[in-house]
Protein chains: 2
Amino acid sequence: MILINGQAQDHIAVADRGLHYGDGLFETIAVYGGLPRLWERHWRRLSTGCRRLGIAQPDPEILWEEASHVCSGVDRGVLKIILTRGAGGRGYRPPQTGQATRIMATYPWPAYPEANWRQGVEVRICTTRLGRNSALAGMKHLNRLEQVLARSEWEAPHIAEGLMCDDDDHVIAGTMSNLFIVTAKGLLTPVLTACGVAGVMRSVILELAAELDITWQETQLRLEDLHCADEVFLTNALIGIWPVRCIEQRDYSVGSLTGLLGGRLQALLGAISE
Amino acid sequence: MILINGQAQDHIAVADRGLHYGDGLFETIAVYGGLPRLWERHWRRLSTGCRRLGIAQPDPEILWEEASHVCSGVDRGVLKIILTRGAGGRGYRPPQTGQATRIMATYPWPAYPEANWRQGVEVRICTTRLGRNSALAGMKHLNRLEQVLARSEWEAPHIAEGLMCDDDDHVIAGTMSNLFIVTAKGLLTPVLTACGVAGVMRSVILELAAELDITWQETQLRLEDLHCADEVFLTNALIGIWPVRCIEQRDYSVGSLTGLLGGRLQALLGAISE
């Protein structure tokens with residue numbers, strides 16, 4: 001089901017700036033029992049993105065109503081929200097009195113193998129890089145060609161994700177996930193001030209780590225750090241945590257910290273879904 | 001008038017990857033006497049972009065037919081072509097058998113003051129930077145949030161354009177134009193291997209310079225180079241050449257090389273329009 005500004009429709013105006021410039025934001029949200037999961041956090045990120053891009057913030061109550069409407073009856077699925085700056089003339093300059101476009105669409109739950117959670121996933125290193133731009137870093141905006149090109153690099157179904165580096169050889173994230181490693185220094189995850197998306201699940205994991213008194217740090221990581229890591233895992237709003245069992249030539253076992261966080265996360269999300 | 005895949009329509013499917021990821025390309029083309037100007041060059045850039053992004057190339061004859069159809073009767077205007085990877089499911093991975101979406105729309109000629117050509121324009125330096133990514137550099141793709149943010153930095157109508165630097169303080173381009181400067185070394189324009197759009201008008205100017213035996217070079221430029229330049233001008237497919245008369249505190253006079261190239265360009269474009 002698709003709603004555009006509250007109306008059941010599946011086409012948007014060609015004049016929309018989302019199409020012309022990727023001038024907007026999106027959220028990918030897990031749906032359980034007819035409800036979008038971790039709604040508050042998704043809303044907060046969307047709202048922060050609006051402020052940073054200067055897009056008119058939608059009314060949170062209207063957004064919630066529309067989201068619950070399209071999710072009702074969806075036992076397990078995905079809600080994608082796209083919020084654009086709305087229609088505009090030709091030219092980069094945003095119109096003075098813009099009306100954001102709200103798009104809500106539900107999708108079936110992706111057919112990820114159960115083994116991804118239990119045995120972990122195989123991951124590759126992408127050659128496509130992430131450009132550095134602090135004005136865009138952290139946001140889930142609609143300029144995603146880098147991820148599209150990175151995800152085009154492989155076909156093999158046994159490879160679940162690809163990691164992307166920036167131009168300075170810092171590892172930043174997977175094409176669709178955030179990265180965590182466990183080393184003697186504790187739990188580490190790439191700092192996202194120059195590129196990458198600050199994932200909703202990433203923030204949940206960092207809070208769980210704090211609650212569990214696990215030392216954690218946002219820091220700059222390189223491929224050598226991954227090579228030396230004891231545990232590696234990926235997160236996003238749909239998958240929660242996937243342990244990594246292999247990055248190209250290097251194998252990892254599903255570690256105890258990954259297991260601990262995974263268990264806590266499951267308890268937390270279970271509680272939310274109940 | 002708007003054509004989508006040859007049909008008169010003004011809405012596209014929400015599922016289009018142009019909207020979801022900015023997964024596509026565009027061209028902005030001057031229309032004179034019912035015909036798109038410099039068509040071959042625009043087609044060449046679009047076609048190169050398709051190859052680089054792995055988007056199915058449209059049939060050039062169909063594209064030309066559709067373009068001439070929407071331009072017919074437009075004495076002076078703008079044709080915008082958007083070409084996306086087409087519809088696709090959720091997720092970055094491009095579908096195996098994608099059908100590109102062709103969008104053609106005409107717009108009125110922008111109301112630029114005549115003085116922009118004769119007396120030159122005032123230009124500012126934007127604080128929004130351009131991210132560096134060689135995989136995307138040069139293409140006129142749909143990921144344009146950097147330009148949108150840069151163009152949002154000023155309202156003053158007397159400022160015609162803003163220049164953008166990359167993260168390493170190289171000046172790359174205007175938000176909607178390419179940059180040229182004239183120094184003792186000849187005609188210089190920023191190298192576009194890390195970011196920026198390789199403008200159609202930029203390539204025309206470089207060819208005219210070669211014909212006129214003007215020494216020219218693609219090189220890395222910094223703001224100091226602009227400060228020391230004798231002449232500065234901007235180019236794009238609509239404006240041709242705009243001399244720059246002022247960049248923030250520094251004034252320039254419309255120089256002889258700018259005048260020479262402007263004259264030749266006018267002769268060339270006049271010949272094309274006839």
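1. A:L145 belongs to helix α5 of chain A, which spans residues 145–151. The model is a predicted one. Is A:L145 buried or exposed? A residue counts as buried when 20 or more other C-beta atoms lie within 10 Å of its own. A:L145 has 25 C-beta neighbours inside 10 Å and therefore counts as buried.

2. Leaving aside residues up to four places away in sequence, A:L145 touches B:Y21, B:G22, B:D23, B:L136, B:H141 and B:N143.

3. The contact between the chains involves 44 residues of chain A and 44 residues of chain B. On the side of chain A that touches chain B, at least two residues each come from β1 (2–4), β3 (11–13), α1 (17–21), β6 (76–84), β7 (101–108) and α5 of chain A. Which of these elements gives the most? The answer is α5(A), with six residues.

4. The relation between the two copies should be noted next. In general, two copies of a chain are related by a rotation about an axis and a shift along it. Here chain A is superposed on chain B by a rotation of 180° with 0.0 Å of shift along the axis, at an RMSD of 0.0 Å. This is the relation of a two-fold axis. Both copies use the same surface, since 100% of the contact residues of chain A recur in chain B.

5. Chain A contains an open sheet of six strands in the order β2-β1-β7-β6-β4-β5, with antiparallel pairing. The edges are formed by β2 (7–8) and β5 (35–36) of chain A; each has a single partner strand, so one side of each is left without a neighbour in the sheet. Inside this sheet, β4(A) (residues 24–32) and β6(A) pair in the antiparallel sense over nine bridges, and A:F26 stands opposite A:I82 in β6(A). Helix α2 of chain A (residues 39–53) packs on the sheet, where it touches β4, β5 and β6 of chain A, and its direction makes about 180° with that of β4(A). Helix α3 of chain A (residues 60–71) lies across β1, β4, β5, β6 and β7 of chain A and runs at about 25° to β7(A).

6. In chain B, an open sheet of six strands likewise has the order β2-β1-β7-β6-β4-β5, with antiparallel pairing. Its edge strands are β2 (7–8) and β5 (35–36) of chain B. Strand β1 (residues 2–4) of chain B pairs with β7(B) (residues 101–108) in the antiparallel sense over three bridges, and B:I4 has B:I103 as its bridge partner in β7(B). Helix α2 of chain B (residues 39–53) packs on the sheet, with its direction at about 175° to that of β4(B).

7. The buried residues of α2(B) are B:W39, B:H42, B:W43, B:R45, B:L46, B:G49 and B:L53. They cover an arc of only 165° around the axis, which puts them on the same side of α2(B). B:E40 and B:R51, on the other side of α2(B), are exposed. The buried residues of α2(B) pack against β4, β5, α3, β6 and α6 (200–211) of chain B. After α2(B) comes B:G54, with a positive phi near 70°.

8. The last point concerns strand β15 of chain B (residues 240–247). Why is β15(B) described as largely enclosed by the rest of the structure? Six of its eight residues are buried. Strand β8 of chain B (residues 121–125) pairs with β15(B) in the parallel sense over three bridges, with B:V244 in β15(B) as the bridge partner of B:V121. Strand β14 of chain B (residues 231–236) pairs with β15(B) in the antiparallel sense over four bridges, and a hairpin joins β14(B) to β15(B) through three residues. β15(B) also pairs with β16(B) (residues 250–251), in the antiparallel sense over two bridges. In the hairpin of β15(B) and β16(B), two residues lie between the strands, and B:E248 takes a positive phi near 50°.

How values were computed
Residues numbered from 1 in each chain as written. Chains lettered and ligands numbered in written order. Predicted model: local features only at pLDDT ≥ 70, side-chain atom pairs only at ≥ 80, totals over all residues. Pairing = 2+ DSSP bridges. Contact = placed C-beta atoms within 7 Å. Axes fitted to C-alpha atoms, helices over the stretch in contact; angles between N-to-C directions. Least-squares fit on C-alpha atoms with pLDDT ≥ 70 in both. Buried ≥ 20, exposed ≤ 12 C-beta atoms within 10 Å, placed from the backbone. Arc of directions from axis to C-beta.
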